[in-house]
Amino acid sequence: MDKTPLSLEALQARFQELEPPLSKHEAKVEAHRCLYCYDAPCIAACPTSIDVPTFIRKIGTGNVLGAATTILEANLMGASCSRVCPVEELCEGACVLGGDHKPIEIGRLQRYAMDYLYERDVMPFTPEPSNGRRVAVVGAGPAGLTCAGELAKLGYDVTVYDKNPLPGGLSTYGIVVMREPIRVALEEVEFIKKLGVKVETGVAVGEDVTADDLLGGYDAVFLGVGMGAVPDLRVPGEDLEGVTEALSFIAETKLAEKEGLEHLQDLPLGRRVAVIGAGNTAIDAATIAKRLGAERVTIVYRRSEAEMTAYDFEYRFIKNEGVSFEFLSQPVEIVGNDGQVSGLKCVKMQLSNPGDDGRPRPIPVPDSEFVIECDQVIKAIGQQKFGALFEHFGLDVERGYLTVDEGLRTSHPQIFAGGDCIRATGEAMTVTATEDGKQAAKSIHAWLGTAVAAD
Amino acid sequence: MADLSIDFAGIKSPNPFWLASAPPTNSAYQVNKAFEQGWGGAVWKTIGAPVLNVSSRYGGYEYGTQKLVAINNIELISDRPMDVNLREIAEVKKLWPDRAVIASAMVESTPEAWRDVIMKIEDTGADGIELNYGCPHGMSERGMGSAVGQVPEYCTMITEWVTQITRLPVIVKLTPNISDITLPAQAAVAGGANALSLINTINSVIGVDLDSFQLRPNVGGQGSHGGYAGPAVKPIALHMLSAVAGNDDVATAKLPISGMGGIQTWRDAAEFLLLGATSLQVCTAVMHYGFRIIDDLTDGLSNWLDEKGAASVSEIIGASLPRVASFGDLDLSHRVVARIDPETCINCNLCYVACDEGAHQCIDLTVDGLKIDPATYSGSVKPEPVVREDDCVGCNLCSLVCPVDACISMVELPSGRDPVTWNQLTQQQPEVLEWPGMKTYRDKVGIDIH
C-alpha cells in the first residue's frame, strides 16, 4: 500500500484545527453580542448545564479566568466539549438569536476561555481535605475522568485505570486531529491529575486487576469503559492487506500528531479508499483519508442519505471535502490481488418496511452485484460492547449495555457506570459522558458521603 | 432638498455644522481641510494666554466594544504663538468667505488683556468671537475658563468689557460645571452677549489603570481632572440646552444658541435643533473619525427635514421646546402599559428579570397562559413573558431592555381619571401632602399601588 503523497507543509495545513481560535478582540466582540438572556435556553440545551450567559459575560468583562472556572464547575471536559460538541444541535441551536440573526458562537467562546486557562496552567479549584474514602474508576475517557475529578474535588482518593498506553479515551484516540488535537485531551488529563487523581495506564481491568481487587480495595467503583473495537464485517477477504478499521486508523493519526505531523507520512494509505458505514466515525475516517491525500474516498452505506446517523453538519462538511457516496450498497466481499485489497464487491439494496428499530430495512436487489475498485477498506460499522468485562463484574446488561438506575448505579450496589457503555438509547457524545461522570460522582458522594459524615 | 443654511446672530454659514473650539481647529491646515469636505464653520481653538501642554493629554471611555463613548482631555488652549493663529485665521477667512470662522479667546481677567486680544481678532476678519468661559482644567486654576463661567458676576463683567469695544457678534460659551446653567446664561445676556454656546466639557476623571493604579491620562505617574466630552454627555447637554433655550431672559433677548456636547450623527444634531440650537458644534466625533463625517451629517439632516416636510433648518429650531415641562405640570392621569408581541418575542426574558428585580413586578413568565415560577420550572416548553396590564405602572423599562425592535410597545389606555397635574392637585387638595390625605385621594380616584 502507498503512503501520503503530501509534503509536511501540506499536511500541517490540512491537519490543524478546522476552526481557528478567536483572537482577544474577536472574543470580546462576540461576547458582547450575547444578550445575557434570563433563564437562558442555551443552559437548558447543554447536557452539563454550563451557565453559558455567565461565562460569556465574564469574557466580555475581561474576567476570562472566571469564565473558564464557570465552565469547569459544570463540565471538567470543557476544553474537549468546546471542540467536539455538536453545538448546532445543542447550545447554539437553542440560542434566541438563531431565529433571524447568527447564534452566538458559544463553542468557540468556550474554547477561548479554556485555552486561556490551560495556556496559563491555572488550577481554579482547591480540593477538600481527604475524607479517607477510595474510589476506583475504570476507563480514563471523558466519563471516567469527570467522575474522578468531581470526587477528588470532594476529598476522595481516586485511582483511574485505563488499558491504553495513553489516558483520555476517545478524546485522545478517537476524535480527529482537526477537531481536537491530542494535546488538548492530554492537558485535560493533567488537569484532573492536579486535583489529586492517580491515573494508571496500560492496566487492563479484568486481566491485570480483577473485579475482586477493585471491590475489595475501594469503597466504590465507576465504570466508564466506553465501547470496544469495530466488529468484523463477516465477509470473505477481511484478512487481506489494506483492510483496517476506522478507530485504529484515526488513532494512528492522533499518535502521529503527538510525535510530530511528519509521522503522518509513515502511515499506510490507499490511493482509492472505501469506508464502510455512515456514522460520525465513518465520516471522520473518510476525512482523514482524504486529507492524507487519497485520490478517491467513497463512503459505502447500505441505507440511503436520509437514514445516515452522522450529524447534518458532518455530512455537509464531508461533501465539501470531496468524499463521494455509494448509498444503498451492502459489501459482500473484499476482493484481493496477491493478498492485497483490489476492490469491494457490493450488492445494491432497496429499502423496505421499518424493522424493530423503526428504521427502513435494506434488502438486497437480486443480481445487482458490482465492484468498487479500491486498495484500502476502512470499516466503520459501529463498536462492540465489553460483554466479557461486564460478565467479569457480574453486572446486568441490556442489549450489551450496562443497566443502571437513575443515579447511574449498576445492578451491583458498589458499582456505578456512565458514558457510552450505558448509552443504549440517545446520542453518545463526549458531553453526555461528561454529565454521566458528574452525576455518578454525585450519587457516589450521596452514598459514601453520608457514611463519611457518620465516621 | 431642505435649505440647511443658517444665520446665527448675523454669522452666516451654508449648514449648521461647525467644528467646536478644540484640537480639530488648531491650525489652518485642519480648518481648510474641513471646509473642503463641507463643514459650515469652525470655532478656532482658543487663543489667549501663553501655555505649556503636557504629554499625555486624552483619556478614552470604552464601553463594551464601543471605543470613545466619551473622551476627556487635559489639553490647554492653543499653545501655538498668538500671531501664528491670528495670521492663519485671516488666511482661512479670506479663502472661505461663505463659511463661519469664529475666534475663541481666553485671557487674563483684565480689561486690558481682553481689549488687546479682541482688537487683534477683529483685524483677522473673523465673523465672530466666542468667549471661552468653560474650560474646566488647567486654565481655571489660573482664574480663566470655568473660573469665570461659574461666577455670574464675572461673566457679566467680562462680557461687558468685550461687547462694549467690538462690532463683532459675541458668543459666550457656558460651562456645565455649575448647579444651574441658566444663571451664567442670564449673566451673559446682562453683559450684552449676542449669542450663547453650550456645553463646554464636564469635569471628570475618566478612569484608573487596573495594572498600574495610575489615572488616565497618565503624566509621569500622575493624573489630573479633565474635560469630559463625547456621546455620553449628550443627555446632559440636551437638558442644559433646553433649560437655557427655555429661559425667559434668553428668549426675550432672542439670543441664538450654538449647541454642542456629544453630537456624533445627524440624529443627535436634529435633537439639538429641536431643543433650540441654531448652530451645532462637533468635536469628539471628528477626533474619532475625521472630518469626513460631515457627509452624513448634512445628508442625513437634509433627508430627515425633507421627510418631515420642512423646507429649511430654521423651521424646526426649537420645535420641541413647548414640550419641555416641569414635573409638577405633567398629567398624573396619563396611563400607558407595556404590551409584548408574542410573534416577535425571542424569549430572552430580559424584560421579565428587569421588571421583576429592577422595577415593579408586573411581568409573569407563563406556559400555556399559566404563570410559572422560573426557580422551580423544569418543563421543556420555553416560558413566555406576559404583562399583567392592571399592575403595569408604565415605567418603560421592559421596552428599554428588549433587544427586538418594536416587540414591546407602550400602549396608551384610559386611566378612568380626569386629567390633573401635581401642581393643580396640591393647590386644590393640599391634604394630599400628608399620607392620610393621600390615601383618601387614592381610594377615591382608584389609584391602587401593588
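**Entry 1**

I began with β6(B) and strand β7 (residues 66-73) of chain B, which run antiparallel and are joined by five bridges. The model I am reading is predicted: local features need pLDDT of at least 70, side-chain atom pairs count only at pLDDT 80 or more, and totals for chains, interfaces and linings use all residues. Residues are numbered from 1 along each chain as its sequence is written, while chains are lettered from A and ligands numbered from 1 in the order in which they are written.

For B:Tyr63, I found the bridge partner in β7(B) to be B:Gln66. My strands (E, at least two residues) and helices (H or I, at least four) are DSSP runs, numbered from the N terminus; two strands pair if DSSP finds at least two bridges between them.

Angles here run from 0 to 180 degrees between N-to-C directions, with axes as lines fitted to C-alpha atoms, for helices over the stretch in contact.

**Entry 1: chain B as a whole**

I counted up the secondary structure of chain B: 15 helices and 22 strands. Its C-alpha trace spans about 75 × 55 × 50 Å along the principal axes. Of the 450 residues of chain B, 43% are buried (20 or more other C-beta atoms within 10 Å of a residue's own; exposed means 12 or fewer, partly exposed in between, with C-beta atoms placed from the backbone).

I also looked at contacts, meaning C-beta atoms, placed from the backbone, within 7 Å. Among those in chain B between residues at least 6 apart in sequence, 73% join residues at least 24 apart. Across to the other chain, 12 residues of chain B are in contact with 10 residues of chain A. The side of chain B that touches chain A has seven nonpolar, four polar and one charged residues (nonpolar: Ala, Val, Leu, Ile, Met, Phe, Trp, Tyr, Cys and Pro; charged: Asp, Glu, Lys and Arg; polar: the others, Gly among them).

**Entry 2: a parallel sheet in chain A**

Next I traced an open sheet of five strands in chain A, ordered β4-β3-β2-β5-β18, with parallel pairing. β4 (198-201) and β18 of chain A are the edge strands, each pairing on one side only. Here the twist averages 20° from one strand to the next.

Four bridges join strand β3 (residues 157-162) of chain A to β4(A) in the parallel sense, and A:Val160 has A:Val199 as its bridge partner in β4(A). Helix α9 (residues 142-153) of chain A packs on this sheet, where I see it touching β2 (134-138), β3 and β5 (220-223) of chain A; its direction makes about 165° with that of β3(A).

**Entry 3: helix α13 and its surroundings**

The expected span is 1.5 Å times one less than the number of residues.Buried residues of α13(A) include A:Ala246, A:Phe249 and A:Ile250. I find the buried residues of α13(A) packing against α10 (170-173), α11 (182-194), β6 (243-245), α14 (280-291) and β15 (376-379) of chain A. After α13(A) comes A:Gly260, with a positive phi near 125°.

On β15(A), A:Gln376 and A:Ile378 point one way, A:Val377 and A:Lys379 the other way, and all are buried. β6(A) runs parallel to β15(A), with three bridges between them; A:Val243 has A:Val377 as its bridge partner in β15(A). Strand β8 (residues 272-276) of chain A also pairs with β15(A) in the parallel sense, over four bridges, and A:Val275 stands opposite A:Ile378.

**Entry 4: the cores**

Which residues touch the most other members of the largest nonpolar core? I noted A:Ala113, A:Val275 and A:Ala285, in a core of 158 residues. Such a core is a set of buried Ala, Val, Leu, Ile, Met, Phe, Trp, Tyr and Cys residues joined through C-beta atoms within 7 Å. Neighbours within four places in sequence aside, A:Ala285 is in contact with A:Ala246, A:Phe249, A:Ile250, A:Val275, A:Ile378 and A:Ala380. Another core, of 100 residues, lies apart from it, with B:Phe8, B:Ile11, B:Ile102 and B:Ala185 among them.

**Entry 5: A:Thr403**

A:Thr403 is partly exposed, with 16 other C-beta atoms within 10 Å.

Conventions
Contact = placed C-beta atoms within 7 Å.
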